[in-house]
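The following briefing concerns a single protein chain. Please consult the sequence and the model as shown here before reading on.

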Amino acid sequence: MGRAVRLFVLSMLFVVCLSCAKSAQQQAVPNYEVSYQVGAFLNQDSAEKIIEQLKAAGFDASLEQANVDNVVFYRVLVRHIGPIVLTYQVGAFTELSHAEKLQSELLAKGMEASIENIEIHGVIYHRVYIQNQGGITEMISKLKNMGLGEPVFRTMRTL
């Protein structure tokens, strides 16, 4: 599959995910302004066609030209102003009990915490995730007060 086709497919998948996220029930989270790159094309016409489709679907889409190693790309951007939910990884443990202990501590501090398991090279890790609560700065401050280091950013979704 060609590079342009892969980028187009990824772009369309993103649009579907973003559409689903926009229809999700809104929670009390701060508003942010974010721009997503949903595609990069060598052909300007291809990029403009995607922008038309995004705008027709109600998205604030724009075109930006970028030059990387003397190759011109046409980046398709989607802008969102409103609430977003950021997910961070705050721990990874081989012992489930350690992950559950951290999850309990986070829940006691009023943070939304979950555990997901992943296998890497035959070893199961229990990753502890949190979602931003009341803003990024406040969340990081809470984590530092608990003696935890900088969280690792994992995902962002719009509401």
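The model is predicted, so local features need pLDDT of at least 70 and side-chain atom pairs count only at pLDDT 80 or more, while totals for chains, interfaces and linings use all residues. Residues are numbered from 1 along each chain as its sequence is written, and side-chain values use heavy atoms, with hydrogens and water left out.

**Overall architecture and confidence**

- The protein chain contains four helices and six strands, where helices (H or I, at least four residues) and strands (E, at least two) are DSSP runs numbered from the N terminus.
- Along the sequence, these elements follow the pattern α-β-α-β-β-α-β-β-α-β.
- Of the 159 residues in the protein chain, 34% are buried.
- Among contacts (heavy atoms within 4.5 Å) between residues at least 6 apart in sequence, 67% join residues at least 24 apart.
- The mean pLDDT (the predictor's confidence in each residue, from 0 to 100) of the protein chain is 80, and 79% of its residues reach 70 or more.
- The pLDDT is below 50 over residues 5–10, a stretch that has six contacts in the model beyond near neighbours in sequence.
- Residues 15–27 also have pLDDT below 50, and this stretch has 17 contacts beyond near neighbours in sequence.

**Helix H4**

- The buried residues in H4 are Met139, Ile140 and Leu143.
- Viewed down the axis of H4, the buried residues fall within an arc of 95° and therefore line one face of the helix; the arc is that of the directions from the helix axis to the C-beta atoms.
- The cover over the buried residues of H4 includes S3, H3 and S5.
- Glycine 147, which follows H4, has a positive phi near 85°.

**Helix H3**

- The 13 residues of H3 should span 18 Å at 1.5 Å a residue, and the end C-alpha atoms are 18 Å apart, in agreement; the expected span is 1.5 Å times one less than the number of residues in the helix.
- Ala99, Leu102, Gln103 and Leu106 are buried in H3.
- These buried residues fall within an arc of 105° when seen down the axis of H3, so they line one face of the helix.
- The face of H3 turned away from its buried side carries the exposed residues Lys101 and Ala108.
- Among the elements that cover the buried residues of H3 are S3, strand S4 (113–120), strand S5 (123–131) and helix H4 (136–145).
- After H3 comes glycine 110, whose phi is positive, near 85°.

**Strands S2 and S3**

- S2 and S3 pair in the antiparallel sense over nine bridges; two strands pair if DSSP finds at least two bridges between them.
- Leucine 63 stands opposite valine 76 in S3.
- The hairpin of S2 and S3 has two residues between the strands, and aspartate 69 in this hairpin takes a positive phi near 50°.

**Salt bridges**

- The structure holds four salt bridges, each defined as a side-chain nitrogen of Lys or Arg within 4 Å of a carboxyl oxygen of Asp or Glu.
- Glu33, Asp60 and Arg79 are linked in a network of salt bridges.
- In the salt bridge between arginine 79 and glutamate 33, the closest N and O atoms are 3.0 Å apart.
- Because arginine 79 lies in strand S3 (residues 71–93) and glutamate 33 in strand S1 (residues 31–41), this pair ties together parts that are 46 residues apart in sequence.
- Arginine 79 is partly exposed, at 36% relative accessibility, whereas glutamate 33 is exposed, at 53%.
- Aspartate 60 forms a salt bridge with arginine 79, with the closest N and O atoms 3.2 Å apart.
- Since aspartate 60 lies in strand S2 (residues 60–68) and arginine 79 in S3, this pair ties together parts that are 19 residues apart in sequence.
- Aspartate 60 counts as partly exposed, at 40% relative accessibility.
- Lysine 101 and glutamate 105 form a salt bridge with closest N and O atoms 3.9 Å apart.
- Both lysine 101 and glutamate 105 lie in H3 (residues 96–108), four residues apart, about one turn of the helix.
- Lysine 101 is exposed, with a relative accessible area of 53%, and glutamate 105 is partly exposed, with 35%.

Terms used
Buried means under 20% relative accessible area, exposed over 50%, partly exposed in between (1.4 Å probe, protein chains only).
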